[in-house]
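This briefing goes through one predicted model.

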Amino acid sequence: MLVLTRKPGQSIMIGDGVEVQVLSVAGEKVRLGITAPRDISIFRNEVYERIESENSTGGDDDDPATNEAVSNALQRLSQR
């Protein structure tokens with residue numbers, strides 16, 4: 001793991017197209033802004049883990065409404 005120190009307004013680059021900027025720091029909360037090409041999906045870790053869990057278990061096939069809701073949420077998140 002690479003550990004960097006950045007102040008609000010400063011950023012880091014990941015590869016050629018992903019920029020992570022520190023927007024603010026307040027107590028234990030850090031707000032980050034991420035600029036990336038549209039073809040790169042960005043998820044909070046807990047969302048990503050749920051996606052992976054759903055993909056590995058095949059989801060809840062008994063509840064199509066839940067599957068559709070998760071699919072719609074993932075589509076909206078990947079378009080941001």
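**Salt bridges and overall picture**

Two salt bridges are found in this predicted structure. The chain has two helices and three strands, arranged along the sequence as β-β-β-α-α. Of its 80 residues, 8% count as buried.

**Charge pairs**

- Side chains of opposite charge can pair when their charged atoms come close.
- Glu46 counts as partly exposed because its relative accessibility is 47%.
- The other salt bridge links Arg50 to Glu54, and here the closest N and O atoms are 4.0 Å apart.
- Both Arg50 and Glu54 belong to helix H1, where they are four residues apart, or about one turn of the helix.
- Arg50, with a relative accessible area of 48%, is partly exposed.
- Glu54 has a relative accessible area of 25%, so this residue is partly exposed as well; the buried class would require a value under 20%.

**Second largest pocket**

- The second largest pocket holds about 160 Å³ of space.
- Its lining consists of Ile12, Ile14, Val18, Val20, Leu32, Ile34 and Ile42.
- Strand E1 (11-14), strand E2 (18-26) and E3 are the elements that each give two or more residues to this lining.
- By residue class, the lining of the second largest pocket has seven nonpolar residues, no polar ones and no charged ones.

**Nonpolar surface patch**

- A nonpolar patch on the surface is formed by Val25, Val30, Leu32, Ile34, Ile40 and Ile42.
- Together these patch residues have about 490 Å² of accessible area.
- E3 contributes the most to the nonpolar patch, giving three residues.
- Leu32, Ile34 and Ile42 are among the residues of the patch, and they are also among those that line the second largest pocket.
- Ile42 is partly exposed because its relative accessibility is 37%; a residue needs over 30% relative accessible area to be part of a patch.

**Loop between E3 and H1**

- Strand E3 spans 29-35 and helix H1 spans 45-57, and Asp39 lies in the loop between them.
- Ile42 is placed in the loop between E3 and H1, and Pro37 lies in that loop too.
- Asp39 has 68% relative accessibility and so counts as exposed.
- Pro37 is partly exposed, since its relative accessible area is 34%.
- Between the C-alpha atoms of Asp39 and Ser78 there are 8.3 Å in space, with a separation of 39 residues in sequence.
- Pro37 and Gly17 are 20 residues apart along the sequence, while their C-alpha atoms are 6.5 Å apart.

**Points to check in the viewer**

- Which element gives the most to the nonpolar patch? E3 does, with three residues.

Terms used: Residues are numbered from 1 along each chain as its sequence is written. This is a predicted model: local features need pLDDT of at least 70, side-chain atom pairs count only at pLDDT 80 or more; totals for chains, interfaces and linings use all residues. Side-chain values use heavy atoms; hydrogens and water are left out. Buried means under 20% relative accessible area, exposed over 50%, partly exposed in between (1.4 Å probe, protein chains only). On a 1 Å grid over the protein atoms alone, a cavity is a set of points where a 1.4 Å probe fits but cannot get out, and a pocket is an open set with protein on both sides within 12 Å along at least five of seven lines; lining residues have an atom within 4 Å of a point. Grid points are joined across faces, edges and corners, and a volume is the space filled by probe spheres set on the points. Ala, Val, Leu, Ile, Met, Phe, Trp, Tyr, Cys and Pro count as nonpolar, Asp, Glu, Lys and Arg as charged, and the others, Gly among them, as polar. Patches are made of residues with over 30% relative accessible area and no salt bridge: like charges are joined within 9 Å, nonpolar side chains (Val, Leu, Ile, Met, Phe, Trp, Tyr) within 5 Å. Accessible areas come from the Shrake-Rupley method with a 1.4 Å probe; for residues, only the protein chains shown count as cover. A salt bridge is a side-chain nitrogen of Lys or Arg within 4 Å of a carboxyl oxygen of Asp or Glu.
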